[in-house]
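Here is a short briefing to read with the model open in your viewer. Have the residue numbering to hand, and take the topics in any order you like.

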Amino acid sequence: MTALPEIATNRPHATPPETVAGALTALLGGATERLRRPPELAIATAYFNVAGYEQLADCLDAVGPVRILLGAEPDDSSVRSTVTPLAVRDSPLARPELQQALDRHDQAMFEDRDLLGFTREADAGARRLVTWLRTHPVEVRRLATGFLHGKAYIVTGGHPSVIAGSSNLTYGGLMNNRELNLGAYQPSTVELVRQWFDEQWDGAEPYDLAALYESRWLPHRPWDVFLRMLHELYGSDLAPVQDPGDGLHLTQFQRDGVWRARRILAKRRGVIIADEVGLGKTYIAGELIHRASVANRQRVLIVAPATLRDSTWRPFLDEFRIFAEVVSYEELVRNIDGAGASASALRNPDDYALVVVDEAHNLRNADTQRADAMRRLLGGAVAKDLVLLTATPVNNGLADLKTLVSYITPSDTAFVDIDIPSVDRYFGRAMALDPDELTGQHLFELLDAIAVRRTRRFIRTQYPTASITVGGRPITVTFPEPSVIRVDYHLDELLPGFFDRLARALGAEVEDEEVTRTGVILGQDDTVLT
């Protein structure tokens, strides 16, 4: 005969392990073995989940009628409200915190259901629970007239017993949390606890726990399923911006671009900002530079073509009073060997916390001096954040993009967390699907993880009221509409037959104008063919 537990707590790493679920299993298993008629069970618990039920499922199948009492627990605000006069505090109509607690309880129950996942094991556990609730003599109620803070597992019939304390009928309460429950087996004590339970039970309302979980299998509209998938993938991106950083007073879509870039940098240490021309990649990068240089007092290096170094970046940094060093690609190549020396245009690479590369597609060839210099700049003992700016990350083929990704991380397994076990194989598959494809449509998962890419059409539709401040007043952002003007060139007059000969040289089948006129051509043996 198993000894009845006097204390029930969770010490999963003890030898042997101790859990509240184990203590309840011993109690319920012993009761069903000793009694000819299965005992009745009453459970008071604030919360309930499938994982908690599964710890006791076999025992619950064997007991007699079961009553489950659910209820909302008070939170800190409810505890603080005890300073309210007693007559007012105990009036349900005068306690909005009770309704708020019940709403939170509903939300928690829904979340426990929704977070079960969609594995076969999770589905089987939920179906077993629903079957038990529908076929076993189980009644569920929820206390809505007050808070329920006590937890108890009461066995009546034959040998009355109770385990009461802090454990909810959840996985955490039965297996992990630091709980404390005491066992009592004196009939008079158990009877007092049962009376307490009955008082709460009589004031509670029926609660269809089975229907809550059955809703998992209700048919849903494809649109709802699609939205749920989007939320699963991008729900975290919808979180409020806690620290937007707006030293440059950007428009909304640019601030959103900065927010997304910062999230990617925090996870990957590198981001490709590939917005279309005219959407302000320089300003997005400028906000990131401002944050690093001004807010965090970090050193920033900008690498850009020489023309943009002088015409764009130096005036930009002066305008916004941002300190950052700017070098051209050629200066990077010439100075990388002596980086850190007094005569060098570059500091020691480990001095830089952020590297910004403008027109980054200039680094698409991995076997150039530029590419080698960039890899040496990004190497070293100190990790750096890398921002690559380019409106055309793919020029000649997807291998261009693969090279840019290699600057962010050279590891072939860097994206295993998004189900890309090998970057090499991932790009190889995309190029095999369509060797001439240049948009990267077969690389969505990787691009979604490292790139900020918006089109003008997207900005027009999603940010129709976006504005920028010019001269102290807001001006709505607009994009010029292209106007097509037809211009005809009569080049055949200047270069007679040139384009046909060029086309034939490139392999095209072009009929000679004379052939078209006569309707005959000569074969290889000068035989006339009609």
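Two residues are in contact when heavy atoms of theirs lie within 4.5 Å. By that criterion, and leaving aside residues up to four places away in sequence, Thr9 touches Glu18, Thr19, Val20 and Glu179. Please keep in mind that this is a predicted model. The protein has 530 residues, and 39% of them are buried; its secondary structure comes to 22 helices and 18 strands. Among contacts with a separation of 6 or more, 73% are between residues 24 or more positions apart.

**Around strand 1 and helix 1**

- Thr9 sits in the loop between strand 1 and helix 1.
- With a relative accessible area of 12%, Thr9 is buried, because the cut-off for buried is under 20%.
- The loop between strand 1 (7-8) and helix 1 (20-34) also holds Pro16.
- Thr15 and Pro16 are joined by a cis peptide bond, with omega about -5 degrees.
- For context, most peptide bonds are trans.

- Strand 2 (residues 40-44) and strand 3 run parallel and are joined by four bridges.
- Strand 2, helix 2 (residues 50-62) and strand 3 together make a β-α-β unit, and this unit is right-handed.
- On its way to strand 4 (residues 138-143), strand 3 is joined by six bridges, and these two strands run parallel as well.
- Strand 3 (residues 66-71) is mostly covered, with five of its six residues buried.

- An open sheet is formed by six strands in the order 11-10-12-13-9-14, with parallel pairing.
- Strand 11 (325-328) and strand 14 (451-452) are at the edges with a single partner strand each, so one side of each has no neighbour in the sheet.
- Strand 9 (residues 270-273) pairs with strand 13 (residues 385-389) in the parallel sense, over four bridges.
- Within that pairing, Ile273 stands opposite Leu389 in strand 13.
- Helix 11 packs on the sheet and touches strand 9, strand 13 and strand 14; the direction of helix 11 makes about 150 degrees with that of strand 9.
- Helix 15 (residues 369-378) packs on the sheet too, touching strand 10 (299-304), strand 12 (352-357) and strand 13. The direction of helix 15 makes about 155 degrees with that of strand 12.

**Helix 11 against helix 12**

- How do the axes of helix 11 (residues 252-268) and helix 12 (residues 281-295) cross? They come within 9 Å and cross at roughly 55 degrees.
- Helix 11 and helix 12 are therefore oblique to each other, and their crossing is right-handed.
- On the helix 11 side, Gln254, Gly257, Val258, Ala261, Arg262 and Leu265 take part in the meeting of the two helices.
- Their counterparts in helix 12 are Tyr283, Ile284, Glu287, Leu288 and Arg291.

- Most residues other than glycine have a negative phi.
- His249 is not a glycine, yet its phi is positive at about 55 degrees.
- His249 lies in the loop between helix 10 (222-234) and helix 11.
- What is the relative accessible area of His249? The value is 61%, and His249 is exposed.
- Arg269 is likewise not a glycine and has a positive phi, about 65 degrees.
- The loop between helix 11 and strand 9 is where Arg269 is found.
- Arg269 counts as partly exposed, at 35% relative accessibility.

- Trp217 belongs to the loop between helix 9 (209-214) and helix 10.
- At 27% relative accessibility, Trp217 counts as partly exposed.
- Which residues does Trp217 touch, not counting residues up to four places away in sequence? They are Asp123, Ala126, Arg127 and Val130.
- Trp217 and Asp123 are 94 residues apart in sequence, and their C-alpha atoms are 9.7 Å apart in space.

Methods:
Residues are numbered from 1 along each chain as its sequence is written. This is a predicted model: local features need pLDDT of at least 70, side-chain atom pairs count only at pLDDT 80 or more; totals for chains, interfaces and linings use all residues. Side-chain values use heavy atoms; hydrogens and water are left out. Buried means under 20% relative accessible area, exposed over 50%, partly exposed in between (1.4 Å probe, protein chains only). Two strands pair if DSSP finds at least two bridges between them. A crossover is right-handed if, with the strands pointing away from the viewer, the path from the first strand over the helix to the second runs clockwise. Axes are lines fitted to C-alpha atoms, for helices over the stretch in contact, and angles run from 0 to 180 degrees between N-to-C directions. Angles under 35 degrees count as roughly parallel, over 145 as roughly antiparallel, 65 to 115 as roughly perpendicular and the rest as oblique. A crossing is left-handed if the near helix is turned anticlockwise from the far one by less than a right angle, and right-handed if clockwise.
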